Each structure stands twice: as C-alpha cells, then as structure tokens.
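Take a walk through this structure, one region at a time.

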Amino acid sequence: MRSRLNSLFDALLPVIATLAALGVGAVMLLVLGANPLEAYGALWVGAFGSTNAFAETLVKATPLLLVALGICISFRGDVINIGGEGQMIVGAILATSVGLTFTGLPGWLVIAMAMLAGFIGGGIWGGIPGVLKAYFNVNEILSTVMMNAIAVQFMNFMLRGPMIDPSQAELASKIPQTARLLEPFRLLRWAPTRLHLGALIAVVLAILVYILLWRTTLGYRIRAVGQNPNASRYAGIDVKRHVVLALLLSGAFAGLAGMIQVYGVNYRMITDGSASGFTGSAGFNGIVAALFGQLHPIWSIPASVLFGALLVGANSMQRMVQIPSALVTALNGLVVVFVVSSEIWRRRRQRRRLAAAKEEDVPPKPDPDTPGKTKVRA
Amino acid sequence: MDFIIILQAGVATGTVLLFATIGEIFSERAGVLNLGVEGMMLIGAMSAFSTTIATGNPWLGLLVAMFAAGLISQVHAFITITLHADQVVSGLALTFLGTGISLVLGEGLSKAGTVSLLPNLSIPLLSQIPLLGPIFFARQSILVYIGYLMIPLAWYYINRTRPGLHLRAVGEYPSAADALGINVFRMRYFYVFVGGMLAGLAGATISLAVAPGWFSELTTAGQGWIAIGLVIFAQWDPVRAAVGSYAFGALRRLILDIQGPLTLLGFDNPFYYNPYWGFFLQMLPYAFTVIVLVIGSREAIRKRLGAPAALGNPYIRGERGL
C-alpha cells in the first residue's frame, strides 16, 4: 500500500512541479501588474481553446519531442548535450539542400533522403563535441554551446550566400532565405490546420528510442556507460565510442527536428540572424521537456505537448494581456528548478529502502527509472 | 587601423569576461559548478541599465546589478547545496530563469535611450608608458581599473589567506573541512553568492560601459558560457583567467574592427564590409573557445592539475569520503 502511494506520488511529482512553477509565475505576473487568472486563462485558450489552437500546440510540440528524444539518449549516457539549436540548424541546412537539389525525384524519396540528411547533419554537429569529449577530454557542455554559435553564423552565411533564394539574389535588399520546397516534397497536412505528418513521425520515433534504450545492446551499453563508466570499461565496453555515439545520436534527432520544421511547417529556411529565429528555441526547450519526462522517451511525449502548449499559449497571452511571451522562458526555468528539486524525495526514499533491505538482508530492488547521476568532469 | 585602439577596446571588452570568470572560479573552488553565468549576467546587465535609467545614478545601477544577480544565484545554491540536486541541471535551469526574467523585465528597455555612464579616466603617470600606457591606462572605464585590482586580490585571497585556505578545503575535501569545524554549507552559499555578484558586475560592465544599452539576449551573446570555458583554461587560477579574458576581449574587438578599414598593413583589406567573411569572423571567438578547451584539458591531464576534487558533488554529512 505504502509503495503504491509512493509510486502515485512519483507520477504526480511533475504535475506538482508544474503547479509550483505556475504559482511563482503568478507572483511574477502580479509584479508586472497583470491578473494571473486572466493571463493563464489567455494561455489556456491560446493553447487548447479550439481545434486550430490544439493543432498549433502539437506543431510546436513536434520539434520539442524530437530534440527531447536525443536528450534522453545523451543524458542517459551521462553526456550533456546543450547543442540542440546548432544541430537543428545544420540538419535543416543539409535537408533543405537535398530538397532544393533533387527536384526531379518523387516526393516520398526526397522526403526520405531529407530525413537522412537531417539525421546526418545533426549527427555530425553532435559527433564533433562527442569526439572532443571522448578523445580530448573537452567538456561537452561548453563545446556544444560553442557549436550552436558557430552553426548560427554558418546558417547566416549559407542563406545569404550559396543557398539564397534566386528570386531574392537579384534584389537590392535581399531577404536571407532559401527558395520554397516543391509541392510534392512537403509533409502531409491535416487541412485546414498546420498539423503535419512530422508529429506522427516523432511519436513513432519515441517508441523506437524506447526500444533502442531498453531492448538493444547499444542502448544498454550507452546507459551502462552513463551509470558507471569504470564498471563498463571492466565489462569490456568501449566507453569512448559510446560517449561519441550518445552525442552523435542525440544530435541526429535534433537534426531531424530541423528537417521536420522545414518540410512540415515553413517549407523553406529563413533567418533573422539568431538561432531562435529558426528553431524557436526548440533546441533548449527540448531539454526541459526531456527532463520533465524523466528522461524517458514515452513520457517525453506528454511533456513536449505541455511545453508546446506553453509556447503557443504565451503568444496569445502576449496579445491579450500584454505580457511579454519571454515569460515562458522563465516558466521553463522554474519548472526545471522544481523538477530537479523534487528529486530529493525520490532519493531519500531510495536510501530508506536500501537501509530497510539491509536490515532484512534482502538485496534491494534496483530502480530502473533512476538515470545515472550526472558527474561533472570539467 | 590602429592596433593600439583595438587593444585598448579589447581590454575593456575583456573586463566583462574577467569579472564573470573570477566569479565562477570562486564558486567552483568551493565545489559548486554554476552553469547559470549567462542568465546571471543578463540579470545584471538588465537591472544595471534599468536602475540607471530610473535614478540617473550608474553607481546605484552597479550595486543593484550585483545584488540582483547574487540573489538569483542563491536559487542554485539552495537547490544544489541544501537539496543536493544535480548541479548541471540546476545551472541550466538558472540560465533559463535568468534569461526569461531579464527579457520580461527588460521589455521596452532597448528603446529607453542613453544613460549617464560610469566615468572613463586616465592614470596620470602610467598612461605615459609607451605602448602599454595607452592600451591599459588611458581613457579606460573605471571598471577596467577595478578589474586590474581584482586579479591580484583574488589570487592573494585564494592562495595566501586563511579564508582562502578554507575555500579551497571546502572544494577539495569538504568532509575534512567539516571535521575541522568549517561550515561547508555556509561557505558554499557564500561563494555561490560571490560568483553571482561578479557575474552581475560583468553584466553591468556591458550595459553601463563596454556596449551601453539593452539588446535582450544579444547583450551577452554567449559570454557567460565563454567565461565558464575560460575557468577550465585558467585552471581555476585568477591570473591565468586574466590572460585569457583580455586575449578574448581583444579577439572580439578585432573581429568588429577588422571589417572597417580599406587597407590592412598596406594590402587591400579582404574583410572590408565583405558580406560573407563577416560570418566566419564571428565564429572565431566560439571556435577559439573550443581550441582553448582542447589545450586547457590536455595541459590539465599532463600536469595532473584539475578541477577542485569535490566540484559537482553535493556535500552530505556522514556519507562516503570526499
């Protein structure tokens, strides 16, 4: 009975964390002179108020989920990937150039090739910090952040230079964007909303990532390296290779998110000079969604929908009660604050269980859902 | 193009990184990794600028910036020190939180116009030294001189004073420090606060001196992350941090200034408002950070130097060694 209560409490923890974050957010709204109920009402209506609103929420949730899947892999392997933004950008650049080059091929083939290109592009951008970490001892948190900034400038160069829309190239004030993808290359949409096939692809991939992590040798090894690199080495696992693989796969899913944004939503790449102008900060918010989903691919699905809803709702909140939509960034931070803080209860209980098991002399049941504690090797 | 002027501006730009890096050194020396530097810097830059606009007093702006950033650093301190939670995740949360709060409160500030800035001054005799004088001691912001003072003071404090010894003990071997009667928890809270205050000072240095104004996230443009990288390059030593900070400051300025002149050392300047080269130039600080990390990490292995032993680990009384 007690254990059932405890697992109920575990399942409710994210909900409690969200409510606590919204509570602190309400105080911030009061400070800004807005009525929190009115503001959150606008947020709710904006995210779930109509079919179209809900479709927009799912559209925003799709890249979050894809990035979050990559984060599940890398964080489980004890590598911290903050480079989702850059990986999305590079994946999108590669995928877009596939769509703009092979204009004679059938749609399904180009889409498949573009997905592969996005996967490869993001994989390269994640793999570089992986190699640097495994073989040069470079802290991956910092190198992935730096790779973001490099990718942004690369995008700005590509969209003004080699990949610029031919119709813009002749104009005096050029808009830095690519040409639009041909009609047959665009992902299927549920008209009249903007919800596209990418959402379904992301959910299918979530299941595949679950299988990868818990039903394959590769996934087992990545998790083993994350839990205890020394024990893994003694067990004969090539630790360095799996560090690289974890970051590479993580980047690849972010790259796919970039591809989906181009082929499902915008049908072209366009830059305002910043990373968030293209990604909508999905590379960062995906981390929040994954942490909220307890680094579990399946739980990341509802988590992504929640944060997609916050993003869409914040825009309508800005329109209706004039609260800057950047409030969502603060709310995201607060959610993570409360989620990471709530870990203490889980750990305390585990310790008590260990102590109880010691008394009864029964080996304790390992908790398969507790990811390896992140150790910092700066 | 006058290299003296570029280096002079580079020193001012580097002062931002200097404050942030030394702040993070204090925090990490106490065993707490704080990845929220970028967020704390934004809080500092925003509150310094808005306070100065409201009161007309940049000194007050500076104080408010340091206090605000120090205050928000305590969120991280509470989560990691008292609740023993993961320092990496909490630091990321602090980045989100700081960025979000400063963007919300700073909305509209970018159109607020100019403010009275902190004074620039020249040091009478020192500015006459050939070459070094004009670079380091002529018409620099007063914050630059505060930076000069901070380097030896921070080094002396960490390496030669009793509280500095306690600081190192808490970061290297907290259970031994605890056994000696040093309050590990209070020390860690304090140095996280110091790190926050210095990150706030770094932010204020941008918005009140180096690049006055509020340009939302672009105000800091990733310098908080570069500072965390420089801590590794500096091997947790304030003097090495100063070298790295000023070098990076000069690089940042060079990238801006190299696109201006028509000729460079007698040749046509290939970077002269070239629409494409600029993007690659802007990658340089970040690419260099990666290179610096490679060098710093290799050197650390070779010399068997490294992070404070307890960095990243919560201290829980009565649990395991360390």
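This is a predicted model: local features need pLDDT of at least 70, side-chain atom pairs count only at pLDDT 80 or more; totals for chains, interfaces and linings use all residues.

Leaving aside residues up to four places away in sequence, Asp165(A) touches Gln177(A), Thr178(A) and Ala179(A). Touching, or contact, means that C-beta atoms, placed from the backbone, lie within 7 Å. Asp165(A) and Thr178(A) are 13 residues apart in sequence, yet C-alpha to C-alpha they are 4.3 Å apart in space. Asp165(A) sits in the loop between α6 (140-160) and α7 (166-169) of chain A. Helices here are DSSP runs (H or I, at least four residues), numbered from the N terminus.

Residues are numbered from 1 along each chain as its sequence is written, and chains are lettered from A and ligands numbered from 1 in the order in which they are written. The predictor's confidence in each residue is its pLDDT, from 0 to 100. Chain A has a mean pLDDT of 89, with 93% of its residues at 70 or more. Over residues 368-378 of chain A, pLDDT stays under 50.

Now look at helix α9 (residues 217-227) of chain A. Its buried residues are Arg221(A), Ile222(A), Arg223(A), Ala224(A), Val225(A) and Gly226(A). Their cover includes α3 (51-76), α8 (197-215), α10 (229-234) and α11 of chain A.

Helix α11 (residues 239-266) of chain A also packs with α4 (residues 84-101) of chain A, at an angle of about 55° and with axes 7 Å apart. Axes are lines fitted to C-alpha atoms over the stretch in contact, and angles run from 0 to 180 degrees between N-to-C directions. That angle makes α4(A) oblique to α11(A). Oblique is what remains after roughly parallel (under 35 degrees), roughly antiparallel (over 145) and roughly perpendicular (65 to 115). Among the residues that meet are Gly84(A) and Ala95(A) in α4(A), and Gly251(A) and Tyr263(A) in α11(A).

Finally, the two chains meet. The contact takes 46 residues from chain B and 39 from chain A. On the side of chain B that touches chain A, α4(B) gives the largest share, 14 residues.

Conventions: Two residues are in contact if their C-beta atoms, placed from the backbone, lie within 7 Å. Helices (H or I, at least four residues) and strands (E, at least two) are DSSP runs, numbered from the N terminus. A residue is buried if 20 or more other C-beta atoms lie within 10 Å of its own, exposed if 12 or fewer, and partly exposed in between; C-beta atoms are placed from the backbone.
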